[in-house]
Amino acid sequence: MTEHEQLGAPADPDGRPTRVPPQGHLPQGHPPQSLPSAGPPPAGPPPASPGPGARREPEGDGAAAPWPDAMLSLLRTPTADRQPEPEGAGADPPADAEPARVLDLALLVGELLLASGEAAEDVEAAMLAVARAYRVHPCDPQVTFTRVAISHQPGPSEPSLSVGCSVRRPAVDYARLAAVFRLVTEMTVGAMAVPEAHARLVAERRHGRRYSGRLLGISFGGMAGAATLLIGGRADARAWLVFASAVVAALTGERLSALVARHDLPAFYQFVVAAVPAAVIGILLSFNGLHLRGSVVITGGLYALLPGWPMVAAAQDGLAGFYLTAAARLLEALYLMAAVVIGVMTVLYVGVNNGADLAAQAAPHGAVNPPLQLAAAVLLTLAFAVLLNTEPATLPAVMLNSAAGWTTYGVLVNAGGEPILATGLAAGLVGLSGQLMARCRGSSALPHITAALGPLLPGSVLYFGLLAFVRGEPEVGLSGVSRAGAMAMALAIGVNLGRELARLFLPAPRVAPPRRRRGGRHRR
């Protein structure tokens, strides 16, 4: 059996099964089985059924509760104990909402969300929400690091239906993530027909990035420069020279990485090549008489390469119980970190053994220069958000969330608090406020949280720990690596705790179904 499985779907010559077209026909013998509803049947004549593919207006006040909270609670319930969707809730399944088509639609949703950077538990929640919106249950979604699948058992004596696909090269795209999130909301609230939902998802998959390549390059360099100001905490002439050097190093590394990527080499080698320019410029600055801090240039130039966020994502998946995905994310982060270290150390070996001064503060401890570091944190967040392809309308909220998180961290550390504890508390505030922003906008929370955590990521701490190993200081290196792991765990726990508090104490606003134009066409 191939890696991509779909019951009843023909395979192309390469062995990959084709998706069931909207107008296709399923093999006979697998009709959807109606499940009994809870409670006695309503009195009076049954309501008229809608036509094939038609929507049905929700009853009551014309609004429905959003799906994420309900689906997360359902996912944490054993499959055998999950109750079917009650009659009269949501939408009646259209005539084309056959189980295989709905599973294929849920699979496409999961594929797009996982490829866009969504957490494994939230991907499963979205897939389950799509299946239940079209009354296909019981369903069991399964998500791992690069694999999404969903299965449906029509009845006790009938064979199960299963579909699955692999996401080979996930690329974080928060604009697409937000668009798919809104589409899932429309499916669960507005009873969108299956062919229309499938067509809109395919169109979203083909949608390009929201920002030009030039702006992405500027953001990459701006992120490196802002990191030097955040770490150094100075605004003199030498600090701005370090800023410019880090920008040049980051842009050069990004161009070299793009050249390597054209030959389809693994990401490991791309990171090795991208790390070299920062090391070269850092060594050159360390050998002059201006007392410039080459290590700050290196950490700033490598800030976008250091896998701080993958470490946080690995810890967050582990907290949610997705241990296989968490282990895969952590292993990926270690490989990328090893690539950065190899690229840097091939250059630094000569410099360190010839007197290059690369000792520096590994991470910002408190607010040395609060106004400058706050501005640097916001600038770093803005550049990070653009690199993540965050929607322009979301950028102000992300920068506000970042300012609140960094201010909280600086105040706690300057008051004598432990940096790891301060990191966790700041991350909890960022996670809680990000959830609140997302609920008010009816969007995913990740675009409001990930970039806002950029100034707190432990990438530079991890780099200096591994640098100590290379310099023959295993005790210092072990302490640095352990500290980076503790900071990543604190960030993950803080974000996860903020999310759970929002789910428990901040009920999401009810979402009104989308209105229709005359003729039944859906208004986007």
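**Helix crossing and sheet packing in a predicted model**

The axes of helix 10 (residues 308-319) and helix 17 (residues 474-505) cross at roughly 55 degrees and come within 8 Å. Axes are lines fitted to C-alpha atoms, for helices over the stretch in contact, and angles run from 0 to 180 degrees between N-to-C directions. The crossing of helix 10 and helix 17 is right-handed, meaning that the near helix is turned clockwise from the far one by less than a right angle. Helix 10 contributes Met311, Val312, Ala315, Gln316 and Leu319 to the contact. Helix 17 contributes Ala484, Gly485, Ala488, Met489, Leu491, Ala492, Ile493, Val495 and Asn496. Contact means heavy atoms within 4.5 Å. Eleven residues of this contact are nonpolar, three are polar and none is charged. Nonpolar covers Ala, Val, Leu, Ile, Met, Phe, Trp, Tyr, Cys and Pro; charged covers Asp, Glu, Lys and Arg; the others, Gly among them, are polar.

The structure is a predicted model, in which local features need pLDDT of at least 70, side-chain atom pairs count only at pLDDT 80 or more, and totals for chains, interfaces and linings use all residues. Residues are numbered from 1 along each chain as its sequence is written, and side-chain values use heavy atoms, with hydrogens and water left out.

The protein chain holds 17 helices and three strands. Helices (H or I, at least four residues) and strands (E, at least two) are DSSP runs, numbered from the N terminus. Buried residues, those under 20% relative accessible area (1.4 Å probe, protein chains only), make up 52% of the 524 residues. Of the contacts with a separation of 6 or more, 76% join residues 24 or more positions apart.

The three strands form an open, antiparallel sheet in the order 1-2-3. Two strands pair if DSSP finds at least two bridges between them. Strand 1 (139-143) and strand 3 (161-166) are the edges, and each pairs on one side only. Neighbouring strands are turned by 10 degrees against each other on average, direction ignored. Six bridges join strand 2 (residues 147-152) to strand 3. His152 stands opposite Leu161 in strand 3. Helix 2 (residues 99-115) packs on the sheet and touches strand 1, strand 2 and strand 3. Its direction makes about 155 degrees with that of strand 2. Helix 3 (residues 120-133) lies across strand 1 and strand 2, at about 150 degrees to strand 1. Five of the six residues of strand 3 are buried, so this strand is largely enclosed by the rest of the structure.

Key
Buried < 20%, exposed > 50% of the residue type's maximum accessible area, 1.4 Å probe, protein only.
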